[in-house]
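Open the model in your viewer and keep the selection tool at hand. The tour starts at the ligand and then moves through the helix contacts.

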Amino acid sequence: MSQFAIRLKELRKTFDGKEFIVDGMNLEIPKGTLTAIIGFSGTGKSVMLKHILGLFRPTSGLVEVLGQDLSKKSQDELTVFRRNFGVLFQGSALFDDMTVLENVCFPLVEHRRDLPEDKVVEIATQKLIQVGLDSKHFQKLPNQISGGMQKRTGLARALALDPEILFYDEPTTGLDPILTEMVDNLILETHKHRPGITSVMVSHDLDAAFRIADHVAMLDKGKVLLWGTPEDFYKTDLELVKRFVDKGLRRK
Ligand SMILES: Nc1ncnc2c1ncn2[C@@H]1O[C@H](COP(=O)(O)OP(=O)(O)OP(=O)(O)O)[C@@H](O)[C@H]1O
Ligand SMILES: [Mg+2]
């Protein structure tokens with residue numbers, strides 16, 4: 001078994017045959033760690049994430065997830081493989097016409113047809129309680145609960161299938177500082193309470209990245225410019241990293 005949850009080797013991607021959005025990316029994310037991916041806008045963070053999720057195919061290079069080479073998988077196999085992932089995007093992406101509880105039941109109904117309905121509800125309820133949502137909100141629609149509760153619901157849904165890897169893409173972008181801190185803490189708590197789970201967070205929020213991540217990877221022009229502990233980032237001599245970090249931190 002690989003000690004790495006994710007390995008990227010010389011990953012390259014071009015959409016138009018000319019410009020390489022990902023241009024020789026190497027990254028190894030050890031199992032059980034929390035990694036933050038940072039970098040200027042348009043440097044390929046989301047595109048990289050979509051390769052790991054198997055939503056994009058590389059132009060060249062290796063994408064290995066949980067010890068498996070994704071290029072060897074068919075579309076159908078990738079769909080099944082994605083059950084190992086929980087994903088929380090910026091907007092929570094809840095289904096508006098489903099209740100909170102139904103939203104969390106959804107992946108279980110889709111992927112765990114072996115489970116009877118009462119078991120599905122039991123698991124969904126348990127996930128909602130774990131992320132701190134009060135049961136009085138379970139029968140509400142997403143637009144009837146606050147932004148923070150929507151995040152909790154999205155996270156409960158991401159956890160429904162007990163994923164091995166949790167992905168967050170800009171989980172706090174657009175939130176106010178109080179909500180941002182709540183979501184950051186929720187990510188950290190979720191990670192801590194699940195031994196062995198690997199968390200990968202793409203974030204503009206450097207405070208959170210340096211506070212909660214074991215490792216940080218800064219991307220630039222489709223490559224990993226620096227990978228290391230938050231400490232390594234504070235000590236670096238790389239000008240571009242220093243500038244990015246100095247600008248991005250609210251508290252110094
Ligand atoms: N499906 C696509 N087809 C063509 N180009 C794409 C596609 N997806 C992304 N790109 C391009 O890839 C580049 C990197 O985009 P990406 O979304 O990865 O940036 P990012 O680092 O996540 O930025 P941000 O911090 O703003 O989210 C952009 O120039 C974007 O236009
Ligand atoms: Mg992005």
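Select His204 and ligand 1. A polar side-chain atom of His204 sits 3.2 Å from an oxygen atom of the ligand, a polar contact (a pair of N or O atoms within 3.5 Å; within protein, one must be able to donate a hydrogen and the other to accept it, and residues adjacent in sequence count only if both atoms are side-chain atoms).

Before going on, note that this is a predicted model: local features need pLDDT of at least 70, side-chain atom pairs count only at pLDDT 80 or more, and totals for chains, interfaces and linings use all residues. Residues are numbered from 1 along each chain as its sequence is written, chains are lettered from A and ligands numbered from 1 in the order in which they are written, and side-chain values use heavy atoms, with hydrogens and water left out.

A backbone N or O atom of Val47 is 2.9 Å from a ligand oxygen atom. A polar backbone atom of Gly44 lies 3.1 Å from an oxygen atom of ligand 1.

Which residues are closest to ligand 1? Ser41, Gly42, Lys45, Ser46 and Val47 are, out of 13 that surround it (a heavy atom within 4 Å).

Next, select helix α3, residues 100-111, and helix α4, residues 117-130. Helices here are DSSP runs (H or I, at least four residues), numbered from the N terminus. The angle between α3 and α4 is about 120 degrees, and their axes are 9 Å apart. Axes are lines fitted to C-alpha atoms over the stretch in contact, and angles run from 0 to 180 degrees between N-to-C directions. That makes α3 oblique to α4 (under 35 degrees is roughly parallel, over 145 roughly antiparallel, 65 to 115 roughly perpendicular, the rest oblique).

Show the side chains. From α3, Val100, Leu101, Val104, Cys105, Leu108 and Val109 meet α4 residues, among them Val120, Ile123 and Leu128 (contact means heavy atoms within 4.5 Å).

Val100, Asn103, Val104 and Pro107 of α3 touch Thr153, Ala156 and Arg157 of α5.

Last, keep α5 and select helix α6, residues 177-192. They pack at about 20 degrees, axes 10 Å apart. α5 and α6 are therefore also roughly parallel. Contact residues include Leu155 and Leu159 of α5, and Leu179, Met182 and Leu186 of α6.

Key: Helix = DSSP H or I, 4+ residues; strand = E, 2+ residues; numbered from the N terminus.
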